[in-house]
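Here's a quick walk through one model, starting with a pair of charged residues and ending with a pocket. Have a look at it first.

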Amino acid sequence: MTILATIGLGANLNDPAAQVEYALAELDRLPATRLLTRSSLYASAPVGYIDQPDFINAVAQVETSLAPRALLAALLDIEHRHGRERSFRNAPRTLDLDLLLYGAAHFHEEGLTLPHPRMSERGFVLLPLLEIAPDTLIPGRGRAADWLAACADQNVAVLPPPAAAVNA
């Protein structure tokens, strides 16, 4: 059985746009997983610890037969391969991969909460998510679009596609 899972991607170190693009390609190579769609890249101001570079963010949807824990472990492995260090909360990072949604799953256990507990508070998640899946429902919270107004004060902007993609 396959499940539609939604993954948030972000980076602000070591060529963050390239980090996110490489990670998107790696999602499609995970076992029993296929990348279905991905958003544009978005630039966003840091949240929490603000004395750091802006982030590049995206959201992807995959079809997977991996269980939630196995998918999360695979995402953490990708982060590790990209040099992710967890020195302190909201620290700058080479790559951050968050399992946002896993079908209609709504649960909390040690190390994994679905849906992601702060996704409805983050414009850098909601804007790219609504770009690729405008009718998304967040289990236990309702329509993702209904949460966007609360993020209006956040500095998030879609990036233009690279020149090579425009000319292709």
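Asp-96 and Arg-93 are both buried, where buried means under 20% relative accessible area, exposed means over 50%, and partly exposed is in between (1.4 Å probe, protein chains only). Their side chains meet in a salt bridge, 3.3 Å from N to O; the term stands for a side-chain nitrogen of Lys or Arg within 4 Å of a carboxyl oxygen of Asp or Glu. Salt bridges with shared partners tie Glu-79, Arg-84, Arg-93 and Asp-96 into one network.

Keep in mind that this is a predicted model: local features need pLDDT of at least 70, side-chain atom pairs count only at pLDDT 80 or more, and totals for chains, interfaces and linings use all residues. Residues are numbered from 1 along each chain as its sequence is written, and side-chain values use heavy atoms, with hydrogens and water left out.

Asp-96 has another partner in Arg-84, with the closest N and O atoms 2.9 Å apart. That pair links distant parts of the chain, since Arg-84 sits in the loop between α2 and β5 and Asp-96 in strand β5, twelve residues apart. Helices (H or I, at least four residues) and strands (E, at least two) are DSSP runs, numbered from the N terminus. Arg-84 is buried at 15% relative accessible area, and Asp-96 is buried too, at 14%.

| Pair | N to O distance |
|---|---|
| Arg-84 and Asp-96 | 2.9 Å |
| Asp-96 and Arg-93 | 3.3 Å |

The whole structure holds nine salt bridges.

Now for the pocket. On a 1 Å grid over the protein atoms alone, a pocket is an open set of points with protein on both sides within 12 Å along at least five of seven lines, and lining residues have an atom within 4 Å of a point. The largest pocket has 39 lining residues, and Asp-96 turns up again among those nearest its centre, along with Asp-98, His-116, Arg-118 and Arg-122. Which element gives the most to this lining? That's β5, with five residues.

Conventions: 1 Å grid on protein atoms, 1.4 Å probe; cavity = no way out; pocket = protein on both sides within 12 Å on 5 of 7 lines; lining within 4 Å.
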